[in-house]
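User: I want to learn how to read a fold from its coordinates. Where do we start?

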Amino acid sequence: MGNKIRLGIIYGGKSSEHEVSLRTAMSIMKAVDADKYEIMPVYVQLDGSWVKGATLSGQLPEAVDSLRLSDGGSQQPEDSAEGQLVAAVRPASVFSIGQEIDVIFPVVHGPNGEDGTIQGLLELANIPYVGAGVMASAVGMDKWMMKNVFAQAGLPQVNYVGVLRSEWEQKQEETIRQIEEKLGYPCFVKPANMGSSVGVSKAKDRDQLIEAMNLAAKFDRRLVVEEAVKARELEIGVLGNEELLTSAVGEVIAAKEFYDYEAKYKGAGTELQIPAEVPAHVAERMAEMAKTAFRALDGSGLSRVDFFWDEANDRLYINEVNTMPGFTPFSMYPLLFQESGISYSELIDRLVTLALERHADKQRNIVDAEELE
């Protein structure tokens with residue numbers, strides 16, 4: 001056991017993407033090499049409390065219910081023929097696990113997970129972790145700030161308007177006129193800080209815009225309204241810290257009008273085309289733009305970068321960067337790299353290695369000015 005990498009996996013969270021996080025965590029736990037890794041699952045419950053369990057063995061439980069815990073913070077799951085948790089869970093915190101692991105793979109999606117909050121805790125505890133740092137995570141989560149960074153980097157985007165919830169509530173008519181003048185219809189309305197298309201709507205007229213704004217405002221105080229363009233939705237993966245590798249290009253072919261939460265996680269006829277049937281020059285431009293976006297955010301580890309391609313006019317627009325994309329074996333990001341020759345298990349290995357390398361590089365920073373004397 002002493003030579004194994006002690007890998008903590010933080011998952012769950014107080015988020016509408018809680019279940020998505022559980023699926024990701026289960027997939028990673030099943031895929032890691034048991035001869036190389038010792039796993040410590042750390043579950044963030046819906047009430048925000050943290051619990052940790054022992055190493056998982058055998059077939060992991062598929063049902064979410066098997067991981068729901070009592071208020072007492074300790075519950076022994078029932079045994080099954082295929083194996084369950086081998087020990088009762090115990091209360092945990094980021095500081096209590098610091099001496100028990102070598103590196104953490106945080107897969108808490110959405111707010112309080114991929115927005116820099118958990119990353120900040122891990123920085124305070126000086127624990128290596130997979131994925132983007134505090135700044136890149138925060139900017140990558142906030143669509144409004146992300147668009148500002150993309151604009152500064154010279155990346156082409158569709159037109160957009162940022163709106164505060166307070167502005168919407170106090171100046172509704174003025175806000176509507178601004179959106180209609182700058183964007184027109186149809187347009188997309190999004191909460192700035194939600195993932196997995198939660199709270200996203202397409203508005204085709206003023207009535208639908210009001211409904212969409214009211215919905216998005218339930219999820220965040222910052223809203224983004226985007227011009228709708230007739231385009232294909234393309235995605236590419238980025239892997240690395242400073243030396244970057246990009247994946248094959250994939251395409252989302254949504255059965256519905258847009259790729260919403262139901263389409264992403266409940267099927268709804270959506271098709272992922274990998275590799276996407278696009279000209280070589282489009283794939284090359286996507287790869288370069290994805291690297292530019294990754295570096296503009298100071299990304300690290302992994303990101304999935306999403307684009308719109310206006311095929312008729314051969315115009316490519318960057319849509320967003322997801323710094324902690326869905327990570328089951330059937331999610332777009334791992335599938336893109338599988339197409340590029342990197343298996344799911346190898347991808348996990350590379351991400352852990354990148355996390356340890358980045359942490360080691362940070363340790364070179366001088367924190368005490370007296371060290372210079």
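**Reading the hairpin and the cores**

Analyst: Start with a hairpin. Strand 13 and strand 14 form one, with four residues between them. In the turn, Asp-314 has a positive phi of about 50 degrees. Keep in mind that this is a predicted model.

User: In which sense do strand 13 and strand 14 pair, and over how many bridges?

Analyst: Look at the bridges. Strand 13 (residues 301–310) and strand 14 pair in the antiparallel sense, over seven bridges. Within that pairing, Val-305 stands opposite Val-321 of strand 14.

User: How many residues of strand 14 are buried?

Analyst: Buried means under 20% relative accessible area. In strand 14 (residues 315–322), seven of the eight residues are buried. For the chain, buried residues make up 53% of 373.

User: Which residues have the most contacts inside the largest nonpolar core?

Analyst: A core is a set of buried nonpolar residues joined through side-chain atoms within 4.5 Å. The largest here has 31 residues. Those with the most contacts inside it include Leu-7, Ile-9, Phe-327 and Leu-351. Helix 11 gives the largest share of this core, seven residues. A second, separate core of 27 residues includes Ile-236, Val-278, Val-282 and Ile-318.

User: What is Leu-351 in contact with, beyond its neighbours within four places in sequence?

Analyst: Setting those neighbours aside, Leu-351 is in contact with Phe-105, Val-130, Leu-239, Gly-301, Leu-302 and Phe-327. Now the chain's contacts between residues at least 6 apart in sequence: 68% join residues at least 24 apart.

User: And how many helices and strands does the chain have?

Analyst: The secondary structure comes to 11 helices and 14 strands.

Key: Residues are numbered from 1 along each chain as its sequence is written. This is a predicted model: local features need pLDDT of at least 70, side-chain atom pairs count only at pLDDT 80 or more; totals for chains, interfaces and linings use all residues. Side-chain values use heavy atoms; hydrogens and water are left out. Buried means under 20% relative accessible area, exposed over 50%, partly exposed in between (1.4 Å probe, protein chains only). Helices (H or I, at least four residues) and strands (E, at least two) are DSSP runs, numbered from the N terminus. Two strands pair if DSSP finds at least two bridges between them. Contact means heavy atoms within 4.5 Å.
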